[in-house]
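Biologist: I would like to learn how to read a few features of a protein model, one at a time. Please give the general idea before turning to the case at hand.

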Amino acid sequence: MSHVVIVGTGIIGLSTARALLSDGHSVTLVDRDPSGDKASFGNAGGLGVTEIVPASVPGLIWKVPGWLIDPLGPLSLRPGHFPKMLPWLLRFMKSGSHREMLRLTSALAALIAPVYDDFLPLLDELGLAHELHRVGALWVYETETGFAADAADRELRRLHGSIFEEMDGDEARRLEPALGKKVVRAVLTPQWSHFSDPMRVVDRLREQVASRDATIVEGEAVAISGTALELSDGRKLPFERLVIAAGAWSARLAATIGDRVLLESERGYNITIPDPGVSLSREVIFAERKFVATPMEMGLRIGGAAEFAGLDAPANYARSDALATLAHPYLPGLKTSGGMRWMGHRPTTPDSLPVIGASPNRPEVIHAYGHSHVGLTLGPTTGRLVADLIAGRSTPIDLSPFSAGRFS
């Protein structure tokens, strides 16, 4: 049994701690703000088990200019950040070939396949099984052209076990009466689920690992030096094994041991409206506009958008307001006042695969980050895989596609 230090107390770090404690290891978790705002505080709350196709696909590059000039578009790139992310962008474009798309989809499908097997026991332990709503998600379209354009994407996902129930706008409105006439086609994905409050899962999990004698340290990890983790205040935490699970900040720490990882903060925005004036029963995904609306305990959360501006630039909350503006034509009864705006950092790789596996330079250091839009979905699964690696057990899937070494 080892003393394992985990950097990060988000869903990935906490799930890893839970799995390692079950194996008998002693665990220390480190975070600059252990109980503070994490990606799971403001995400869309869905278990996206059909999200297996990478972001970079054939033909996508031609859509990007239009998105960038649209003030309500799904993508924003701050000009000052462009030079810094050029290597990431070049790898992103390379990942968009048909052959690469098929390879990456197969890898993601294998990783996501056991999500419910891993998540449901965790929810039972936490007493939160009732907060997962297994009612599917509804993808809606405003044009027949948009619906037809996604046909190949749906077929690829079907080949890996995803279920799609196609319908017209009237059938969609029978499922979700709040939808307006703007919706002309829709697809139900019954395998999806959503949480009443994703942050409660993280909070309860943190309490659980603390009650099982995990040590939680408040501090900012800045470097790995020998067999110690250095914090910004000069403290050093010795370790036998170390797990980097610091989300969008992970590449900075990985660089201190010579691991070059292409990782960007894909900044996501949302607005949560406590009294929206409309009611949804499931997550609704506005497929052509690339945003979602999820009914939650605290209100209707409307989220999406991707902004590339780095880790340190101030938030542009006008993008949160833009999401409410976008949603109104689809949900004509929507009230947009009184919403709480939020921005979070999605840790995103150019090939959409997370980074899971031992460091090429320091085999006692394990990478576990880069899950982009499926961090909540893959938390318990990633934790189990990391525990297998540290125990020397064979993993149930091939982890070579997820190695940090692929960026060397």
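Modeller: A charge sits over a ring if NZ of Lys or CZ of Arg is within 6 Å of the ring centre and within 35 degrees of the ring normal. Here Arg134 lies over the face of Tyr116, at 4.0 Å from the ring centre, and Arg32 lies over the face of Trp249, at 4.8 Å from the ring centre. This is a predicted model, in which local features need pLDDT of at least 70 and side-chain atom pairs count only at pLDDT 80 or more, while totals for chains, interfaces and linings use all residues. Residues are numbered from 1 along each chain as its sequence is written, and side-chain values use heavy atoms, with hydrogens and water left out.

Biologist: How many aromatic pairs does a search of the whole structure find?

Modeller: Rings of Phe, Tyr and Trp (its six-membered ring) pair if their centres lie within 6.5 Å, and planes under 30 degrees apart count as stacked, over 60 as edge-to-face and the rest as tilted. The search finds 9 aromatic pairs. In one of them, Trp88 and Phe308, the ring centres are 5.3 Å apart and the planes stand at 50°, so the pair is tilted. Trp88 belongs to helix H4 (residues 86-94) and Phe308 to strand S18 (residues 299-308), so this pair ties together parts that are 220 residues apart in sequence; helices (H or I, at least four residues) and strands (E, at least two) are DSSP runs, numbered from the N terminus. Trp88, Phe92 and Phe308 form one aromatic cluster.

Biologist: Are Trp88 and Phe308 buried or exposed?

Modeller: Buried means under 20% relative accessible area, exposed over 50%, and partly exposed in between (1.4 Å probe, protein chains only). Both Trp88 and Phe308 are buried. In another pair, Tyr269 and Tyr317, the ring centres are 6.4 Å apart and the planes stand at 90°, so the pair is edge-to-face. Tyr269 is buried, with a relative accessible area of 2%, whereas Tyr317 is partly exposed, at 33%.

Biologist: In what order do the 3 strands of the open sheet stand?

Modeller: Two strands pair if DSSP finds at least two bridges between them. The order is S3-S9-S5, with antiparallel pairing. Strand S3 (46-47) and strand S5 (132-133) stand at the edges, each with a single partner strand, so one side of each is left without a neighbour in the sheet. Between S5 and strand S9 (residues 193-195) there are 2 bridges, and Leu132 stands opposite Phe195 in S9.
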